[in-house]
Amino acid sequence: MDYRIKGQRLYLDDAPVSLFSGSYQYWRIEPDLWPRILEKVKGMGFDIIETYMPWSVHEVKKGVFDFGERSPNLDLPRFLGLCREAGFKVLARPGPHINAELTYFGYPERLFADADISSRSSDGTPVVLPVPPRMFPVPCYLHPRFLSEVRTYFSALSEATKEAVHPKGAIMAIQVDNECSKFFRTHPFDHDYSDNSIRLYRRFLREKYGNLKSLNRAYRSDHKSWQLIDPPRAFRAEKASDLPYHLDWVEYGEYYVLESLRLIVDIIRDCFGDGIPLFHNYPTVMPLTPLDIKGAEEFLDWQGVDSYPTKRQYHSLRRGIKYTSTVSRLPALMEFSSGPINLEDERLTTWATIMHGIKGINFYMIVERERWLGSPIRRDGSIRKEHYDFYKRFLSEVRSWGLEEMTPYRPVLLLINREYERLASASTLLFPLSSLFAEAIGSMKRPADLFIGDEDFGLGEPVAARYARLSSFWYFALSAAGVHFGIADDTADPGLLRRHPLVIMPTFEFCDTRLQERLLNYAAEDGCLLIGPRVPRLDSEMAPSSVLADHLQRPSSVRRNALVFGVPVDEISLFSDNGGAPEASMLYRKPVGRGCIVHLSMVPGEICDTAGAEPFRPMMDTLLRIAGVEPCFVPADHRIDVSLFAGDGGQMLMVANPTEESVTTEISRVGDVSFRDLRNGDNLGSGGVIDISLEPYTIRVFAEV
Amino acid sequence: MLEKNIKIVDLGYYGWIRLFDLFKCIRGPKSDERKPGPLLLIYRGLRLLRALDLGSMSPVNVNFSGISRLDVLSDESGFPVVIALEENAVARVAGHAQKRIRYDDDYFSQLGTFIAALSAEWRKTIFTYPPGPARIPVPSYRLINGVLRLLIPDNSILLFTVTEREVARSSIAVGYRGGDFWLLTTLEAVGSEDADLSGGLLGEAADALGRKFGGVVRVVAVEREALTNIARSRLPAGAILWAVNTGRLRLLKIPWRWKVLFWGLIGVRPAR
């Protein structure tokens with residue numbers, strides 16, 4: 001297959017693919033209705049169908065499969081043929097895990113009789129996924145017998161679909177597994193402690209440290225053999241020197257998920273060949289430890305995310321999309337609500353994803369079926385007109401306005417530190433409930449450290465909890481100030497950093513030395529790096545490291561429970577030598593090479609929304625000025641969200657009101673450009689300030705005239 | 001009790017959303033006065049790791065002097081209900097359950113395994129104030145199954161619909177056969193979500209449902225306003241009788257055992 005991904009777009013046979021698809025589960029629909037329903041999907045403007053190909057449904061008995069030979073509703077070759085005839089490409093999702101609201105998530109029930117293949121929790125018991133209508137023990141993807149079973153299914157599936165792969169057939173890409181995330185039980189000390197996993201853990205340590213001497217130095221241990229190293233079964237670190245051993249296990253969780261995916265990739269490549277695009281979807285829009293977009297894209301063509309947000313979760317969605325769209329090669333939502341979520345919510349959230357850089361969406365489910373409700377097309381082929389019209393119009397507008405080709409303008413980059421994320425994940429309270437659980441029950445309106453322990457491990461402060469708060473603070477402070485920013489993590493390569501005149505990363509007492517070097521190089525090459533509240537003086541192994549500290553000051557005094565812009569903060573450190581200013585300051589700028597480092601020592605309190613962060617606008621203006629970033633299209637109302645896009649056809653502006661009130665606001669610094677509302681043709685005029693009105697939970701789209 | 005391949009189909013959309021909205025309607029307007037929610041304490045030994053007001057999902061500061069002094073903590077903090085969990089309590093409950101759970105057991109039986117696990121940790125790593133029972137009784141699966149079989153005639157579909165001026169506002173139908181709940185659906189399965197259920201049309205809709213899925217459809221249809229009255233009434237039995245007599249609560253093919261149970265529960269003999 002001739003394909004490539006360039007500029008966050010997929011090209012097939014040199015033609016760009018509009019990566020908007022709808023989920024349609026053929027086996028749950030009467031086969032007689034398949035053509036009629038495909039016609040309806042086409043009528044909405046979709047060119048791609050996404051479907052699972054469930055193992056448990058196609059397997060008649062061990063090693064025997066039905067792809068339509070017995071049951072017409074399992075006639076996958078016919079379904080794929082109909083898709084091709086109707087002008088569709090197909091995203092195939094064969095699993096092995098598919099969920100699809102199927103009992104046992106698409107695994108054949110017989111697999112669970114083999115207790116050996118289960119993932120094991122820290123106490124050695126099989127890890128159970130407590131979902132109705134049957135709880136089941138989750139498999140360990142490293143187990144050879146499990147992989148052998150998967151290979152048998154994929155071999156049969158590839159044989160049944162061999163004529164259906166592009167260019168001969170409709171299948172244009174295959175998804176590897178589904179929401180591979182340790183089955184949502186992501187607390188690092190929950191699982192997997194099976195023998196296969198522990199073997200892999202030792203391999204991970206060997207790869208990371210190379211030799212036992214290096215490992216023993218990091219762990220302050222005296223291990224004589226890799227085989228004798230056992231993983232921690234709970235987070236029992238008491239001092240900083242205990243952290244490397246524990247945090248390595250957390251990092252191993254990322255390695256474990258990637259290895260699980262890689263093993264399935266190998267089987268798919270063996271069965272379907274090398275020439276087909278492969279992708280995967282994480283179950284959260286903010287895939288941090290044990291999930292890793294960049295790591296997955298080392299062997300996958302793209303790594304997508306899933307989300308089912310309500311309109312009230314606007315900022316959770318926005319933050320995640322900003323991250324995914326900055327980090328991923330092809331930012332796509334491989335499952336996005338098209339059903340149980342209220343259509344009113346969907347009008348906002350769907351546009352919000354485009355507004356923040358998503359390039360493709362698979363709407364799940366575009367065709368209703370058993371165990372689902374509220375799709376635009378019912379099981380009998382009739383339509384829910386309001387839903388149907390929404391998608392039709394959405395696709396038409398995205399394409400006709402050229403939004404797929406546009407690039408968001410984001411001069412500022414907020415970096416997530418994966419080491420601190422690992423510490424926060426390990427410190428999640430109520431083990432084994434994970435950060436995914438915390439995310440599910442607490443929106444971003446809750447304190448970010450609600451379920452994070454506040455132990456300091458001798459580092460002088462509770463780093464995990466403060467990091468969580470600080471990340472939340474930066475997100476809302478940048479948002480409230482109307483700054484156009486992206487979010488990435490500390491694996492960002494120098495090229496990505498260089499594209500941003502201002503890079504912000506929270507730092508505490510320890511930080512990986514290579515990361516410090518990368519950040520210093522960025523600053524020296526004409527960048528503006530903002531760090532703080534602490535300057536790292538230790539590396540990941542808690543040994544002295546002063547790459548950044550060599551360039552920066554120690555504070556002259558510390559004030560706890562201070563007020564900054566009238567807002568209580570936990571702490572500020574003051575520096576007396578701040579470029580000749582008469583008074584001590586919590587912020588100073590240090591020239592480095594052709595750029596600079598800005599050290600901001602403030603430890604904020606709980607900031608969980610833009611209202612709380614709004615008083616910090618003057619500080620953000622100062623930071624942008626230091627970095628030489630010109631503020632543009634800044635809304636006067638902190639609740640309003642503005643995105644600016646650039647493309648061949650000029651600039652586009654998207655303005656969102658994610659609140660329940662109608663809002664009229666000014667947007668400043670428009671320059672000489674004039675904008676026109678693409679829906680109603682209203683002209684915004686040009687000049688220094690424009691007025692704009694927005695209904696509750698709406699997004700308006702403007703194009704440069 | 002729960003069919004492994006339970007059929008969940010034709011749930012409609014607006015009807016289902018309205019069904020959830022009913023809870024708000026029944027509960028009535030929220031009082032402005034904020035009552036402190038249950039207080040969740042997560043602790044390790046004598047160290048309090050986090051105190052959360054579950055009502056507002058926000059952290060609070062309290063003086064924790066160990067799980068034996070939860071009464072004092074409740075008095076001082078003003079939280080009438082306190083739940084204290086040792087930091088690994090959930091893991092221990094999961095561990096107990098995971099040892100015993102079978103993937104092919106009925107879901108309620110699997111849930112029972114978790115309740116037994118909870119019971120095993122009760123007053124070991126899980127404490128409350130007020131203290132609650134000395135031990136958590138684990139309901140017998142066989143007993144519950146037996147009671148259900150006794151209460152629900154085999155091969156029934158239980159249809160509950162809320163109407164507004166006799167037009168279906170939301171509905172839910174549950175199929176019970178061979179001791180298992182095997183079907184979850186709505187009136188959407190046999191017509192539109194906003195079906196006219198006036199006069200004999202309710203019976204016709206029920207018959208259509210019976211023909212489509214098989215079984216006797218036993219119907220409780222209630223006007224939304226009457227449902228609110230019943231839910232908020234200080235004398236629900238009276239409100240039910242009033243609704244039946246005024247035709248705002250319509251019952252079709254209700255088995256005698258339910259009627260007996262109803263009168264038994266309220267302890268009143270039917271008036272002639």
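Predicted model: local features only at pLDDT ≥ 70, side-chain atom pairs only at ≥ 80, totals over all residues.
Most peptide bonds are trans, and most residues other than glycine have a negative phi. Against that background, Glu101(A) has a positive phi of about 55° although it is not a glycine. Glu101(A) belongs to the loop between β8 (89-93) and β9 (128-129) of chain A and is partly exposed, its relative accessible area being 24%. In chain B, Arg165(B) likewise is a residue other than glycine with a positive phi, here near 50°; Arg165(B) is found in the loop between β7 (156-164) and β8 (167-177) of chain B, and counts as exposed because its relative accessibility is 72%.

Helix α5 of chain A, residues 195-209, was examined next. At 1.5 Å a residue, the 15 residues of this helix should span 21 Å, and this agrees with the 21 Å that separates its end C-alpha atoms. The buried residues of α5(A) are Asn196(A), Ser197(A), Ile198(A), Leu200(A), Tyr201(A), Arg202(A), Phe204(A), Leu205(A) and Tyr209(A). What covers these buried residues includes α4 (144-161), α6 (212-219) and α7 (243-272) of chain A. After α5(A) comes Gly210(A), which has a positive phi near 80°.

Lys208(A) takes part in a network of salt bridges that also links Asp248(A), Glu251(A), Glu254(A), Arg418(A), Arg422(A) and Asp489(A). The side chain of Arg418(A) reaches the backbone oxygen of Leu291(A) at 2.6 Å. When residues up to four places away in sequence are not counted, Arg418(A) touches Glu254(A), Pro287(A), Leu288(A), Thr289(A), Leu291(A), Asp292(A), Tyr323(A), Asp489(A), Asp490(A) and Thr491(A).

Over all chains, the count comes to 67 salt bridges. One of them is formed by Glu397(A) and Arg679(A), whose closest N and O atoms are 3.2 Å apart. Because Glu397(A) lies in helix α11 of chain A and Arg679(A) in the loop between β30 (675-677) and β31 (683-685) of chain A, this pair ties together parts that are 282 residues apart in sequence. Glu397(A) counts as buried, at 8% relative accessibility, whereas Arg679(A) is partly exposed, at 32%. In chain B, the side chains of Glu164(B) and Arg224(B) meet in a salt bridge with an N to O distance of 2.6 Å. Glu164(B) lies in strand β7 of chain B and Arg224(B) in helix α7 (residues 224-232) of chain B, so that the pair ties together parts that are 60 residues apart in sequence. Both partners are partly exposed, Glu164(B) with a relative accessible area of 28% and Arg224(B) with one of 27%. A further salt bridge of chain B joins Asp104(B) to Arg102(B), with the closest N and O atoms 2.9 Å apart; Asp104(B) is partly exposed, at 34% relative accessible area, and so is Arg102(B), at 44%.

The contact between the two chains takes 51 residues from chain A and 46 residues from chain B. Chain A and chain B bury about 3900 Å² between them, with 55% of this area on carbon and sulfur atoms. Arg134(A), Met135(A) and Leu430(A) supply 18% of the area that chain A buries against chain B, more than any other three residues. Nine salt bridges are counted between chain A and chain B, including that of Arg378(A) with Glu188(B), in which the closest N and O atoms are 2.8 Å apart. The polar contacts between the two chains amount to 26 residue pairs. On the side of chain A that touches chain B, the elements that give two or more residues are β10 (136-137) and α11 (385-400) of chain A, and the residues of this side divide into 27 nonpolar, eight polar and 16 charged.

Gly453(A) is placed in the loop between α13 (435-441) and α14 (463-480) of chain A and counts as buried, at 8% relative accessibility. Leaving aside residues up to four places away in sequence, Gly453(A) touches Ser427(A), Leu429(A), Ala465(A) and, in chain B, Arg50(B).

Note on methods. Residues numbered from 1 in each chain as written. Chains lettered and ligands numbered in written order. Heavy atoms only, no water. Contact = heavy atoms within 4.5 Å. Buried area = accessible area lost by both parts, 1.4 Å probe. Salt bridge = Lys/Arg side-chain N within 4 Å of Asp/Glu carboxyl O. Polar contact = N/O pair within 3.5 Å; in protein donor to acceptor, adjacent residues only side chain to side chain. Helix = DSSP H or I, 4+ residues; strand = E, 2+ residues; numbered from the N terminus. Nonpolar A, V, L, I, M, F, W, Y, C, P; charged D, E, K, R; others polar. Expected span 1.5 Å × (residues − 1). Buried < 20%, exposed > 50% of the residue type's maximum accessible area, 1.4 Å probe, protein only.
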